[in-house]
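Hi there,

Here is the structure I promised to pass on. Have a look at it first, and my notes follow below.

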Amino acid sequence: MNPQRPETAAASAPASGWAIELEKINKRFGAVHANKDIDLKVASGTIHGIVGENGAGKSTLMSILYGFYTADSGTIRVNGAQHAITDSRHALALGIGMVHQHFMLVDNFTVLENIVLGAEDSGFIKPSLDRARKELDRLEQEYDLEVDPDAVIEDISVGQQQRVEILKALYRGAETLILDEPTGVLTPKEADDLFRVLRTLREQGKTIILITHKLREIMAITDSVSVMRQGEMVATLETAKTSPEEIAELMVGRRVLLQVEKGPANPGKTLLEVQNLIVSDDMGVTRVKDVSFSVRAGEIIGIAGVSGNGQSELLESISGMRDQQAGTVLLNGQPLSLEGDDGAARARVAGLAHVPEDRQRMGLVTTFSEWENAILGYQDSPEYGSGALLDIGAAKKAAASHIELFDVRPANINLKTSLFSGGNQQKIVLAREMERDPDVLVIGQPTRGVDIGAIEFIHKEIIKMRDEGKAILLVSVELDEIRSLADRILVMFDGVIVGEADPATATEGELGLMMAGINNKTAPRGLGIAEQGPLP
Amino acid sequence: MDLAAILSILDATIRLSTPLLLACLAGMYSERAGLFDIGLEGKMLAAAFAAGAVAAISGSAWLGLLAGMVVSLGTSLLQGVAAISLKGNQLIAGVAINMLAAGMTTFLGQTWFHQGGRTPPLGEGGRFETITLPFADELAGVPILGPIYADLISGHYILVYIAFIMVAVTWFVLFRTRFGLRLRAVGENPKAVDTAGISVVKLRYQAVIITGLLCGLAGAYFSIAQGSGFGNNMTAGKGYIALAALIFAKWKPVPAMFTCLLFGFLDALQIRLQSAQLFGIEVPVQAIQALPYVLTVVLLAGFIGKAVGPKAGGVPYTKER
């Protein structure tokens, strides 16, 4: 099949008819042409994927379908009838529901109150709540979507919150459900549960549009897939007749290496050693419980685990952002003093660079320009000026070289960093930390919210540093990333390193079990799962 | 202290709590909708002036009340336009209202009545009369319960009863009606409300209107019920105390009532304690008068715990791209 010929799968009308037909949709935001002449047809009772890099226009297109924005031009047909969707209420009335990437839930309301909000039957809420409770019971049974109607949103897990969003849409009579990056916030298990629910919904005749940038999900669950690039629809394909490589190429517009190429590691002497580290979070809860490990020159240690099992506190402690309760961190055999407000500064001076997990909150000051961010954390270094004065010329020169080396776009050192895309923001942080030539690099979530092209680049740079003989500690919730980059994998669960694995031999299943706190080799610690009977 | 003295302090407590309570409930609507309202003071002051002026000219307390509510509503809408439609900073909009009200009331008062900013004293009918509840006189002789009913519960201005009824009404509106559900939601997550197909702007204006009307009642209470005519800056920071009470009560109606009663009680005690002696020296009256305000600070700082207000409070809503 030739992927350059668009709409190969959408040539003939399906037996069940088209649930959604978009024709020549255009939308501009100022100078940005977010959607250019988009055509999209989604067959009833199917799961249709929409993929594209960040900024390709996927979310804009769906927001138009959902009535959050109105298109500048183009037609929308729902079940064959043309409509000008004016607002979300109108879209809901046509049976189109949306589950947003950032949930549209009121955190201190109960599940029931959230479901009823905006769909109340009368001025008083009691009858609506009663009816919703009954309806919820029915929906839960029909679609196997269990959730406690009286639970308050902020007390339930992210996966449960997402179910509430789905139930909200179903309660409003949605026949077509749009899900925007639904697995971004889910654990692997929660994602599996979600896919099970989506399959059930499809069996019941619902139509699902799945926006994602994860090719694995497209391959796993969709019937057909549309690829967007830079505001244009470049192809619609039958999932069964395509491959991840083909989709990736269509998304980026060039061939992409999905598998990281790296040679075997040549570990040297130990550069970073962590001994018996104990760290608490802001609430005083111990999140890192007596963790010890070491990283040698020329190797990448990957720390895997479901988000919230102490990885963040571990990273923050090693990089000097968070005080430790007990333990020692040795850099090059020398104990590193990390206590106090200037712990992070001392760590940097000693040769430990840190790329924090959340680039917008910890890695950048997004209202500062690119060049200001390019020296952030190193502003006291002698090459950027002496005394109270900053050598702005030197800083700008460094910034310009970072931009060139890391291919940051747009190449403008005076632009505010908030105006760069996620991938380019991450490159700015990486360039700043890597170009200092540190002995040890600690990286958290290097590619979170970064598009495929940039991921490939960032992975290559990390491998390059390893091959230069640096010690790299990598923390990521993306198991694929850990498996393809790390030379050794440590799995963290409930503040403890529950096991070590060799990425060459460990299966995803084995790692998944360890991430759930179950380790066949070493005894599980501090959890009750083992008592619940034999493992599956 | 005998029963009569206790009842007299409690009676004063109720009278002094009433404007606080009305203003506090007023603030509850806008703050629950996600609009910080530091302008309660200004709206009350404007209403107090309007009520005093119209009651003095017309000789009717009811017309005065109406004028107070209309002016407060207008002021509230002005603040609303700045904060909602023009997406201005809500604190600055509120402060501006307070400064505007402080200046305008004195200026207009002086221009119209030439009494140093005061409105003329109210005659018969210009001021609300106290209401004697049924059987109050007959039951006054019953031991303990009689005086409580006759002196404490009966014999207040109508606005006092309205204020306490509004506590129940507000609770019902907020927690049992569709409007209340949406109002609370818009203060927590306006985007959720928007995507549910409800207008955020409309809801917030509705909240601002209710706030304006209730502030009107609170302001009128100062000039045509508790007082007889308007005096310069007669609200004396009560709007800020009401705001403090709102935070202390964590934006809930019934706790708000008790908090306002507590602050009212401190005020009543202050009046009672004037000319009190400590170690043989008369305590300066200013120190006693400052007591309720000092206690407000202490209570807010020390006993409140973590007060988490409506999450979207203070943030103008913009549909993001």
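**Notes on the backbone and a helix pair**

Asp144(A) sits in the loop of chain A that runs between helix H4 (125-143) and helix H5 (158-171). Please keep in mind that this is a predicted model. Asp144(A) is not a glycine, yet its phi is positive, at about 55 degrees. Is Asp144(A) buried or exposed? It counts as exposed, because it has 12 C-beta neighbours inside 10 Å, and 12 or fewer is the cut-off for that class.

On the H4(A) side, the contact is made by Ala132(A), Glu135(A), Leu136(A) and Leu139(A), while H5(A) brings in Leu167(A), Leu170(A) and Tyr171(A). Of the residues in this contact, six are nonpolar, one is charged and no polar ones take part.

Chain B has a positive phi for you to look at too: Ala236(B), a residue other than glycine, has a value near 45 degrees. Ala236(B) is in the loop between helix H10 (200-226) and helix H11 (238-248) of chain B. With 15 C-beta neighbours inside 10 Å, Ala236(B) counts as partly exposed.

One more item for your backbone checks: the peptide bond joining Arg409(A) and Pro410(A) is cis, with omega about -10 degrees. Pro410(A) belongs to the loop between helix H13 (392-405) and helix H14 (422-434) of chain A.

Best wishes

Note on methods. Residues are numbered from 1 along each chain as its sequence is written. Chains are lettered from A and ligands numbered from 1 in the order in which they are written. This is a predicted model: local features need pLDDT of at least 70, side-chain atom pairs count only at pLDDT 80 or more; totals for chains, interfaces and linings use all residues. Helices (H or I, at least four residues) and strands (E, at least two) are DSSP runs, numbered from the N terminus. A residue is buried if 20 or more other C-beta atoms lie within 10 Å of its own, exposed if 12 or fewer, and partly exposed in between; C-beta atoms are placed from the backbone. Two residues are in contact if their C-beta atoms, placed from the backbone, lie within 7 Å. Ala, Val, Leu, Ile, Met, Phe, Trp, Tyr, Cys and Pro count as nonpolar, Asp, Glu, Lys and Arg as charged, and the others, Gly among them, as polar.
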